[in-house]
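Hi,

Here is the structure I promised to pass on. My notes on it follow below.

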Amino acid sequence: MSKVFISYARDGSHGERLAVEAQQQLQAAGFSVFRDVTDLKAGESFPHRLEFELENSDVMVLVVSEKVRTSEWVYSEFSMAKEIGIPVVPVLAESIRSPLWLRNLQILDFCGSCDWPQLLGAIGHYVGDPSPLNPLSSETGEGGGREKPAWSRDAGNDKYGRYADLTVEGITQRFRWIEPGTFWMGSMGSENGRLDREIRHQVTLTTGFWLADTACSQALWQVVMDDNPAHFQNDLNNPVEQVSWYDVQEHFLLRLNRMIAGVTARLPTEAEWEYACRAGTTGAFNFMGELSLSKINYNGTWDDNKWGDGALQRTTPAKSYLPNHWGLYQMHGNVWEWCQDAWREKLPAEPVTDPQGVGGDQMGVGRVIRGGSWSNGGKNCRSAYRGGYGAANRLNNLGLRLSLGH
């Protein structure tokens, strides 16, 4: 498998977002990708690790943003690549004057729109195409083969990566393929609103999975269950709420799995949820810039003790806000989302692989909820925020998001 090294400036701009999206697109096309160092061991040298990754890469994609002009790290990575003899493919993220050291190279212009086939073609010129761009990659395992999943009416590839559509009695739910990977779960000590139970630790997910691009809608719940328990019924595209963990596990999922051949629907694990929510980001939210009511549906304040001006005080339809880099909508706010894990106060500090949570199905065990809601302050909507409710709770700010596979 050919390996691509992505060089970029961590400046919170479109350039950084483009680097994250490029990683997703290249992985979906079958390339191995290195974008950032997240797993240095004690005593390991950051420059030595970068040199190792570059020496084991076949091509560099250099995302050019304003900060790149003055970034010593990016220039060092570029110089190292030229010294080793790795071809460099520059991608212009914003309209700037190109740095002098890049002016002898042809630059792909992604300022207006992202032409991913053009980038793949440029990389393929140097290393060949390990897996021609097609709806699904050449990986094996559920969702990873060239054929669309048996349960899917339609599948393909777009700017966010791979997708597959599940249709139940005329209601379609789109799922996104979430590639396996390693990330930092929890929050950094400096994060505003951080709680002690958000212990930062490294998590590796070795198996990819399909995750619904939206919370489960009232329309989908209704065709499966023949009822609609939601409080906010002004639009069937609103997320279903007032459903307990038991309602989901013991009724909804069982019925759905019987209705569609090949479907193995479940709730995501807490680790899967945060990995998907972050989509390669490390801050409090999966978007750049300040928290605002134009980005998520929350109560308009940082804390839960009052309402801000303009707050909606209700749920909104599934795709009312922009998605994250992996095409997932409203992972922050709108409704809390049940996870399959039993609640525990603190997570481990050491690295873990494929965590499945703890606890069984016994009555009285609390369950993890993630994402915050329309009625919560911004600090509870952060990527790392962990909450827990009794599994029998039914509230008008509490819903679910479906996962498929393993």
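Helices here are DSSP runs of H or I of at least four residues, numbered from the N terminus. Just after α7, Ala279 has a positive phi of about 50 degrees.

Before the rest, some housekeeping. This is a predicted model, where local features need pLDDT of at least 70 and side-chain atom pairs count only at pLDDT 80 or more, while totals for chains, interfaces and linings use all residues. Residues are numbered from 1 along each chain as its sequence is written, and side-chain values use heavy atoms, with hydrogens and water left out.

Back to α7 (residues 270-278): 9 of its 9 residues are buried, so the helix is largely enclosed by the rest of the structure. Buried means under 20% relative accessible area, exposed over 50%, and partly exposed in between (1.4 Å probe, protein chains only). Among the buried ones are Trp273, Tyr275 and Cys277.

Now the cysteines. Counting a disulfide as a pair of cysteine sulfur atoms within 2.5 Å, the total is 0. For Cys381, the closest cysteine sulfur is in Cys277, 10 Å away and too far for a bond. Cys381 is buried, at 0% relative accessible area. Cys111 has its closest cysteine sulfur in Cys114, but 9.6 Å is too far for a bond as well. Cys111 is partly exposed, at 26% relative accessibility.

Cheers

Terms used: Helices (H or I, at least four residues) and strands (E, at least two) are DSSP runs, numbered from the N terminus.
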